Amino acid sequence: MPSPRPAPVLYRNGSVYSPADPFATAMLVDGGTIAWVGTEHAAANLEGPDVRSVDLDGALVTPGFVDAHTHTTETGIALGSIDLTACRSLAGLLDAVAAASAAGSATILGFGWDESQWPENRVPTAAELDRAGGGALVYLVRADIHSAVVSGTLAAALGLAALDGWDDGFVVRAAHEASRQATRSLTPDQRATYQRAALLHAASRGYVAVTEMAAPHIAPREDLETLLSLDGPGHEVPLPEVIPYWAQLTSSHDEVRELMQGFGGRLAGLAGDLNVDGSIGSRTAALREPYSDDPGNRGTLYLDADAVGAHLLATTAETVQAGFHVIGDAGLDVVLQGLDLAARELGVEEVRRARHRLEHVELADDAAIAALVHYGVAVSGQPAFDALWGVEDGLYGQRLGERSAGMNRFASLLSAGVLVALGSDSPVTPLDPWASVRACLQHSNPGENISARAAFIAHTRASWRLSGRSPMMGQLAPGTPASFAVWKVDELMVQTPDNRVQSWSTDPRAGTPLLPALDTENAPLCLETVHDGRRLYAAEGFAAA
């Protein structure tokens, strides 16, 4: 027999972020749909024996967040690895490795280190990791995930010294890919365990969906296939929705069709981490001018304009969304040349119709931004990058000097008309949506600040829109999907980034839905996450069903 239809749920005595009613304090959910939003007075008329009532006690209900760029398996692995993000020295990193060795670990995995602020101003050698690890196989991925340090034991086992990118334990390019793949040799059950852990963690942070950036150089097809077997309404334990991309280079219509028919026909596009270049931290992002702290190095180009153009031609002809990982300005030049090739062959309107996307786009001048608008290309950005590395004397300044002021130009992109969606690139930065919103308000370049509302929309509605989903997704109004999160907050405000005017307001006459104040003692705390009417997460003691 089919399960009985759940009773409608009336949330009241709080605040509801809704374009339908900026003063809403209550919301009725009927199955997988928002049935009504309105005031407390009207909500009293909806009470009844067939309606389950939830007292929000002042909590805020918002659309659920969508992370526009994640790596689910890697996030799950990171949750169970040594967290090195707090290491402030080389000695601290080696101590962490030694502690893991003392605990009996034969293989030591870690993530998140960033040597740019270490007093030693260098990374560990393979011999130092051997000593600290007591002979264990050690693989510690850098914060940007484009390089790592490995022990001599692991290097010898894999023959890394003979590969491009080896430098006495520090690995990039081919040497890094070989070491990463060796430490990611997982059974399907192991992959599923890591993936479930990551998705449950995302749900506890208010995410209703994550955009998975899968690629054959990151993990085999079975990794994405396993992930796509976990989400969906048929599972006993509901998990956030997975929006899948597969970053495999193509050059023909047949290749595009074959790939899009795979993975159960669920692919949103052939985009994501199809790397045109690398990262700033690992000095592999492709730059027009050399790195300030490495004058002979302009980074690495993994694809040329012909390869980019061929991929765009094949995907555009099939109206399939394509895209690339690109960070440096020289890397972006290559992408724009590829877009020009596709437009000259197929016409600019066809290119626009395919809604291509780019990941990161950290270094873009005005001309490049105008070209993105011309070709209808969207950008998936990561505000936490600026919060971590855009600080005074931070990584960006070290690597780029004065050019660092032109990084992560969210305000310029949005004002020019580029669709911008936000994400974390987890596990590069944590799954923390309000930290991303706060970073947009506190950009290292005040001219690139955006409002909390703009950042919030970029992290909800825009992320759905970027993947081609219904424009009704990502907002709370009658008839929209019941995909939302409930937050305990210190204070609600209207927040703007403009230092010339008052940045904080609680004046209801503004008619703008309120968002959490992000400069208070406590960050917003997720109490419940619901997607399509199914509860993904509930804090202990909150509104027991």
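1. Basis. The model is predicted, so local features need pLDDT of at least 70 and side-chain atom pairs count only at pLDDT 80 or more, while totals for chains, interfaces and linings use all residues. Residues are numbered from 1 along each chain as its sequence is written, and side-chain values use heavy atoms, with hydrogens and water left out.

2. Helices (H or I, at least four residues) and strands (E, at least two) are DSSP runs numbered from the N terminus. Nonpolar side chains tend to be buried together in soluble globular proteins.

3. Leu372. Contact here means heavy atoms within 4.5 Å. With neighbours within four places in sequence left aside, Leu372 is in contact with Leu332, Leu336, Leu358, Val361, Val377, Val379, Leu413 and Val418.

4. Helix H13. The buried residues of H13 (residues 366-375) are Ala368, Ile369, Ala371, Leu372 and Tyr375. They lie on the same side of H13, because they cover an arc of only 155° around the axis, taken from the directions from the helix axis to the C-beta atoms. The face turned away from the buried side carries the exposed residues Asp366 and Ala367. Buried means under 20% relative accessible area, exposed over 50% and partly exposed in between (1.4 Å probe, protein chains only). The cover over the buried residues of H13 includes H11, helix H12 (348-353), strand S17 (357-360), strand S18 (378-381) and helix H16 (410-416).

5. Ends of H13. At the start of H13, a side-chain oxygen of Asp365 comes to within 3.3 Å of the backbone nitrogen of Ala367. Just after H13, Gly376 has a positive phi of about 70°.

6. Aromatic pairs. Rings of Phe, Tyr and Trp (its six-membered ring) pair if their centres lie within 6.5 Å; planes under 30 degrees apart count as stacked, over 60 as edge-to-face and the rest as tilted. The count by this rule comes to 12 aromatic pairs. Trp113 and Trp118 have ring centres 6.0 Å apart and planes at 35°, so this pair is tilted. Trp113 is buried at a relative accessible area of 0%, and Trp118 is buried at 4%. Phe385 and Trp389 also form a tilted pair, 5.2 Å centre to centre with 45° between the planes. These two residues are four apart in helix H14 (residues 383-389), and are therefore separated by about one helical turn. Phe385 is buried at 4% and Trp389 at 7%. One aromatic cluster is formed by Tyr17, Phe65, Tyr207, Trp434, Phe456 and Trp487.

7. Charges over rings. The criterion is NZ of Lys or CZ of Arg within 6 Å of the ring centre and within 35 degrees of the ring normal. The charged end of Arg221 sits over the ring of Phe263, 4.2 Å from its centre. Arg357 lies over the face of Tyr245, 4.6 Å from the ring centre.

8. Thr250. Thr250 is in the loop between strand S15 (241-246) and helix H9 (253-261), and is buried at 3% relative accessibility. The Thr250 side chain makes a polar contact with the side chain of His311 (2.9 Å). A polar contact is a pair of N or O atoms within 3.5 Å; within protein, one must be able to donate a hydrogen and the other to accept it, and residues adjacent in sequence count only if both atoms are side-chain atoms. Beyond four places in sequence, the contacts of Thr250 include Glu255, Val256, Leu259, Leu270 and Ala310.
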